[in-house]
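The sequence and the structure come before the details.

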Amino acid sequence: MKLASLKHGRDGRLVVVSRDLARYVEVPEIAATLQAALDDWANTALHLRQVSDDLNAGRRDHDAKPFDPAECAAPLPRAYQWVDGSAYLNHVELVRKARNAEMPPSFYSDPLMYQGGSDDLLGARDPITIRDEAWGTDLEAEVAVITDDVAIGTSAADAAKHVRLVMLVNDVSLRNLIPTELAKGFGFVLSKPASAFSPVAVTPDELEGHWHGDRLHLPLRVWLNGEWFGEPNAGEEMTFSHADLIAHLAQTRRLGAGSIVGSGTISNKDRARGSCCLAEVRMIETIEQGKPSTPFLKAGDTVKIDMWDSDGKSIFGSIEQTVVLA
C-alpha cells in the first residue's frame, strides 16, 4: 500500500493513495496521522491495507479524491528520529581519494551514520530555502525506510522485519560548512538543513520484487534544471543494507516507531550512470582535472528525484524542488 500525509497542522493528515498515484482516500477512522498508524501498526496496517485494496479495485470511487503531490507534506512531517547513513562505499572512496586520504579499514565493516534534525521535514514540492549561496548547497538523492519499534541489540536479520515503509529523500547538504563543523569533532549541525521526502511512502511488498536483500534494486533518477544528472542503481553497490543500518543504530538504543533511516547518497562505480549529488561530480573532477568545475546549487535551480517501476511509472511520486534565497 501507499501512504501520504496531506498538509494539515504539524503532523499532516494520513491518506491512502492508489497504486497509480491518481487518487486517495482519507482514513480518520483508522488513524489521523501516519505516526499514529505506526504507533499501533499491528492493528492499523490491516485496516489500511483493506482500504488500499478497495481503492485499487475501484470499490472506493465514491469517496476517492484526485491525488496532488503538491498538497503533501513529508510522509512524516516531523519524526521522533531521522538518522542518515553512508552505505555506498564508492561515494566514500571518492571523497577520500579527492583528499588524497586512505580509506580506514573500519569503513568496510562499520557504517557511517549521523543524527539529523527531524523536527522540520519538507514535502516533495517545498523549496530548498538557503540564506547564502556561498554555503555550497548540494542535493543528495537517497532511499530511506521508516521503522516500527526496534529493540536494543536487534540483529540485521531481525531488523529487516521492522522496515514498514520505504520512501525517497533529498538530504540537502551545505558543503562549504561541513569542513569547519567536522573539524570540531562533534558532527553535522548547521551543514545539514531540512531534508525533503517523496509524496508517498510505500510498503516493501509494493516494490514488485525489486526489494530483496533488504535493498531496493532500481535506479534512482535525478534531473538538475531539467537535464539528466544521474540514475545509479540503489541496490547493486549498497555495501550496508537498510537492515544493517538499523541494526548498527540499535546496538546502543531502542528505535521508536516512526524512526527514519536513510541510505546515504546512492553511488555506483559506473560513471555512465551519473551521480546523485554535486559533490561526487566535483570529486571526480578534482581527481581527474585537479580541481572541481561544477558549481553548487544557486537560487532558481531546480532538482527532480524519482524512481520508476518496470513500466516506467513513478512509484513514490517525484521530489521536485526549487532553490530560493531566504
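Val222 has Ile305 of strand 19 as its bridge partner. The model is predicted, so local features need pLDDT of at least 70 and side-chain atom pairs pLDDT 80 or more, while totals for chains, interfaces and linings use all residues. Residues are numbered from 1 along each chain as its sequence is written, and side-chain values use heavy atoms, with hydrogens and water left out.

**Strand 16**

Helices (H or I, at least four residues) and strands (E, at least two) are DSSP runs, numbered from the N terminus. Strands pair if DSSP finds at least two bridges between them. The pairings of strand 16 (residues 221-224) are as follows.

| Partner strand | Sense | Bridges |
|---|---|---|
| strand 19 (residues 302-306) | antiparallel | four |
| strand 17 (residues 227-230) | antiparallel | three |

In strand 17, Glu227 is the bridge partner of Leu224. Two residues lie between the strands of this hairpin, where Asn225 takes a positive phi near 55°.

In a regular strand, side chains alternate between the two faces of the sheet. Arg221 and Trp223 on one side of strand 16, and Val222 and Leu224 on the other, are all buried (under 20% relative accessible area, 1.4 Å probe, protein chains only).

**Helix 2**

Helix 2 (residues 41-56) has 16 residues, which at 1.5 Å a residue should span 22 Å; its end C-alpha atoms are 21 Å apart, in agreement. The expected span is 1.5 Å times one less than the number of residues. Its buried residues include Trp41, Leu48, Val51 and Leu55. Among the elements that the buried residues of helix 2 pack against are strand 1 (2-6), helix 1 (34-39) and strand 10 (163-170), where contact means heavy atoms within 4.5 Å. Just after helix 2, Gly58 has a positive phi of about 85°.

Technical notes:
Buried means under 20% relative accessible area, exposed over 50%, partly exposed in between (1.4 Å probe, protein chains only).
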